Amino acid sequence: MIRRVLPHGMGRGLLTRRPGTRRGGFSLDWDGKVSEIKKKIKSILPGRSCDLLQDTSHLPPEHSDVVIVGGGVLGLSVAYWLKKLESRRGAIRVLVVERDHTYSQASTGLSVGGICQQFSLPENIQLSLFSASFLRNINEYLAVVDAPPLDLRFNPSGYLLLASEKDAAAMESNVKVQRWEGAKVSLMSPDQLRNKFPWINTEGVALASYGMEDEGWFDPWCLLQGLRRKVQSLGVLFCQGEVTRFVSSSQRMLTTDDKAVVLKRIHEVHVKMDRSLEYQPVECAIVINAAGAWSAQIAALAGVGEGPPGTLQGTKLPVEPRKRYVYVWHCPQGPGLETPLVADTSGAYFRREGLGSNYLGGRSPTEQEEPDPANLEVDHDFFQDKVWPHLALRVPAFETLKVQSAWAGYYDYNTFDQNGVVGPHPLVVNMYFATGFSGHGLQQAPGIGRAVAEMVLKGRFQTIDLSPFLFTRFYLGEKIQENNII
Amino acid sequence: MWDLVLEDRRMNSLRLVAPMWNGRIRGIHRLGAAVAPEGNQKKKRTILQFLTNYFYDVEALRDYLLQREMYKVHEKNRFRDKEWIRPDKYGHFSQEFWNFCEVPVEAVDAGDCDINYEGLDNLLRLKELQSLSLQRCCHVDDWCLSRLYPLADSLQELSLAGCPRISERGLACLHHLQ
């Protein structure tokens with residue numbers, strides 16, 4: 001009977017068919033069914049999340065010790081150091097929540113990628129020095145088994161900051177601080193400048209400081225990918241989603257002076273998935289705000305700044321996105337291979353890009369000229385009117401140049417004093433900040449990551465003391481102004 | 001006071017080879033010297049080549065002798081108007097070395113050394129260095145080149161042949177040395 005039903009050509013093959021397929025001839029996909037059943041049994045067994053009813057593999061986990069909001073270079077640096085400095089392997093579960101995995105608007109990828117130690121604050125100088133040594137030994141820090149070593153494409157050409165008459169004294173005192181901290185900076189007079197860089201026009205320049213070592217520019221994307229790869233190999237989980245809500249509890253306590261204060265503690269982070277209403281409440285112990293230009297929104301979600309102005313409760317996080325343009329131009333008669341990153345007295349800066357007479361640069365606009373940060377559209381008139389004249393004045397060869405392309409990126413600009421915010425918030429006790437570095441976050445990221453990780457794990461800064469960068473200075477009004485912002 | 005961080009790891013392996021061949025060195029040493037590329041030695045070279053192809057031990061001996069010659073050529077410092085100071089067969093420098101503390105060092109040949117970024121500290125303190133050779137140092141990269149500017153006044157020759165980790169970005173910062 002069987003032989004009549006099934007095709008003749010099978011022959012001996014009939015006997016090898018399984019019992020279930022004899023009836024009718026429709027295929028049951030037995031192998032697929034078996035693997036599905038195995039998956040379901042595995043998910044019931046302890047140690048796995050119960051996915052019986054729906055697939056939740058795209059959602060973040062339900063529990064995580066630390067949630068880092070923002071997956072840029074600062075967030076990944078904090079994740080890396082948390083995993084490096086934890087007391088036992090696997091002691092801390094870290095989740096990095098990044099809204100955009102393509103990093104299309106993230107400041108890290110759009111950055112010019114410079115690193116320099118020429119700051120006025122000793123803490124900034126120490127952070128940059130540590131970051132330079134981190135980048136130098138990056139293949140020891142971020143080594144992953146079986147992965148190729150990272151090529152940061154570092155150009156050690158240095159930074160050349162020019163100062164006019166009125167800034168010369170400040171520059172001298174800055175250089176003294178920098179040398180004391182260990183940065184190798186040399187001061188040059190206009191004559192020495194002309195000897196060394198014949199293409200420069202020293203009109204209006206009284207003094208110049210030239211960084212000799214550990215300064216230059218590198219590829220920020222490579223650092224980001226290297227950190228991401230290493231951090232994933234250390235066991236940090238990544239999630240693409242947006243933080244929409246913090247669920248927190250408050251507790252009324254008395255200070256030592258018997259003043260009532262309300263302390264908040266975040267218990268859950270609601271992470272909403274992309275292009276859907278689905279969200280996952282992630283129970284967490286610590287939240288790290290490394291959201292860059294959008295840190296203020298995250299802080300507002302946590303309740304930072306809700307209160308009467310002038311009080312600690314009412315002090316908002318003064319970080320806002322500021323759009324900055326970078327232009328790439330080609331100039332065949334331009335300065336040669338030895339060009340450092342030159343920062344003019346007017347605020348315009350440029351550096352060599354590659355070996356084909358291409359340069360890139362820009363200028364920070366004044367407060368009145370600030371462009372609208374709603375989008376990343378480039379304004380070419382800004383280059384014509386505000387950047388090119390200064391460049392052409394400083395480097396006469398730049399009078400004939402041709403702009404090849406341009407892009408715009410955000411600074412996480414700290415409107416208070418243009419320096420970063422690091423450390424816990426005094427009232428929302430488990431939210432730590434690592435943001436607001438106004439254009440020099442990338443070059444200080446390794447140092448900042450380590451400082452925040454030390455604060456989280458040990459309760460205080462151990463290697464570099466960043467106590468002047470705590471949040472409380474906004475309430476107390478203690479500005480630590482950084483003068484050398486490009 | 002400066003200490004030289006010049007160590008060749010191959011010396012360790014050579015020490016093991018040396019005692020075995022002591023008896024036969026004198027005989028074959030002449031052949032070993034004939035490996036130098038000279039036109040009139042061509043005939044001897046072909047005999048050696050022929051022997052090398054047939055006997056593994058002849059080949060090993062020739063390589064060992066070549067390495068010894070090369071090692072003598074490397075690992076040396078030059079003092080003004082004096083001969084090269086070389087380490088003896090144990091890799092140690094002789095005692096009269098210390099008499100030369102005050103004499104400035106003019107040339108350093110650090111080829112094939114494992115010198116790295118921190119090791120350059122020692123070399124950069126030599127203010128009258130005229131010739132520096134960092135050939136085939138595998139750890140010298142762009143960061144190390146950016147450290148060479150203190151030698152700008154006196155350095156006349158710099159050799160970086162065969163360093164695999166330097167690129168045009170490091171060479172761009174050599175403009176300090178004029």
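These legends describe close-up views of a predicted model.

**View 1. The largest nonpolar core.** This core has 80 residues. Ile68(A), Leu82(A), Phe134(A), Leu135(A), Leu223(A), Ile288(A) and Leu132(B) have the most contacts inside it.

**View 2. Helix α6 of chain A.** The helix runs over residues 165–181, 17 residues in total. From first C-alpha to last it reaches 25 Å, close to the 24 Å expected at 1.5 Å a residue. Ala168(A), Met171(A), Asn174(A), Val175(A), Gln178(A) and Glu181(A) are buried. Their cover includes α4 (122–136) and the strands β4 (159–163), β5 (185–188) and β6 (207–211) of chain A. Gly182(A) follows the helix, with a positive phi near 115 degrees.

**View 3. The interface of chain B and chain A.** Chain B gives 14 residues to the contact and chain A gives 19 residues. The buried area is about 1,700 Å², with 59% from carbon and sulfur atoms. Trp143(B), Tyr149(B) and Arg169(B) supply 43% of the area that chain B buries against chain A, more than any other three residues.

**View 4. Polar links across the interface.** There are 2 salt bridges between chain B and chain A. Glu213(A) pairs with Arg147(B) in a salt bridge, with the closest N and O atoms 3.6 Å apart. Polar contacts join 5 residue pairs between the chains. On the side of chain B that touches chain A, α6 (142–145) and α7 (168–172) each give two or more residues. The largest share, 4 residues, comes from α7(B).

Note on methods
Residues are numbered from 1 along each chain as its sequence is written. Chains are lettered from A and ligands numbered from 1 in the order in which they are written. This is a predicted model: local features need pLDDT of at least 70, side-chain atom pairs count only at pLDDT 80 or more; totals for chains, interfaces and linings use all residues. Side-chain values use heavy atoms; hydrogens and water are left out. A nonpolar core is a set of buried Ala, Val, Leu, Ile, Met, Phe, Trp, Tyr and Cys residues joined through side-chain atoms within 4.5 Å. Buried means under 20% relative accessible area, exposed over 50%, partly exposed in between (1.4 Å probe, protein chains only). The expected span of a helix is 1.5 Å times one less than its number of residues. Contact means heavy atoms within 4.5 Å. Buried area is the accessible area (1.4 Å probe) that two parts lose on being put together, summed over both. A salt bridge is a side-chain nitrogen of Lys or Arg within 4 Å of a carboxyl oxygen of Asp or Glu. A polar contact is a pair of N or O atoms within 3.5 Å; within protein, one must be able to donate a hydrogen and the other to accept it, and residues adjacent in sequence count only if both atoms are side-chain atoms.
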